[in-house]
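Here's a quick briefing to read with the structure open beside you.

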Amino acid sequence: MFTKALITAAIAVPLIAVSAVAQQSANKRTPLQTVDFPAGYNVISVIAELHDGCVGRHTHPGVEDTYVMEGEGILKVDGQPDRTVKAGDSFQVPPGVPHDACVAKGQSYKVLATFIVEKGKPVASPAP
């Protein structure tokens with residue numbers, strides 16, 4: 001069981017780290033865990049820290065569920081007004097919806113993000 005989880009993490013971590021989502025060099029992603037559940041899906045948890053700029057417009061093939069741990073950011077979801085999110089807030093982004101997250105001026109921004117992704121699909125893909 002542990003070996004299977006380790007192999008899954010070894011596959012998922014590079015997908016997260018090398019995903020096509022643009023990242024500033026000052027920004028950081030720390031993979032926490034990948035769980036094979038429910039059947040046919042992976043639940044991937046990461047801590048993302050943004051210190052400058054934006055992540056870059058992107059989509060996820062599954063749901064994104066995020067909790068803001070520290071700081072303040074601007075969530076930009078297609079079809080919705082920009083939303084300021086602060087420590088203690090949470091938000092969800094539906095599958096396939098283009099969105100971006102930016103650091104609020106003079107802030108840093110740290111979140112715990114959980115993605116439910118069909119096995120074999122990338123965690124994120126760039127959006128036009």
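What follows covers the model, the fold, the surface and the disulfide.

This is a predicted model, where local features need pLDDT of at least 70, side-chain atom pairs count only at pLDDT 80 or more, and totals for chains, interfaces and linings use all residues. Residues are numbered from 1 along each chain as its sequence is written, and side-chain values use heavy atoms, with hydrogens and water left out.

**Fold**
- The protein chain has 1 helix and 9 strands (DSSP runs: H or I of at least four residues for helices, E of at least two for strands, numbered from the N terminus).
- Reading from the N terminus, the order is α-β-β-β-β-β-β-β-β-β.
- Among contacts (heavy atoms within 4.5 Å) with a separation of 6 or more, 68% link residues 24 or more positions apart.

**Surface**
- Of the 128 residues, 36% count as buried (under 20% relative accessible area; exposed is over 50% and partly exposed in between, with a 1.4 Å probe and protein chains only).

**Disulfide**
- A search of the whole structure turns up 1 disulfide (a pair of cysteine sulfur atoms within 2.5 Å).
- Cysteine 54 and cysteine 102 form it, with their sulfur atoms 1.9 Å apart.
- Cysteine 54 sits in the loop between β2 (41-50) and β3 (58-59) and cysteine 102 in strand β7 (residues 99-103), so the pair ties together parts 48 residues apart in sequence.
- The torsion about the S-S bond of cysteine 54 and cysteine 102 is about 100 degrees, so the disulfide is right-handed.
- Cysteine 54 is partly exposed at 29% relative accessible area, while cysteine 102 counts as buried at 5% relative accessibility.
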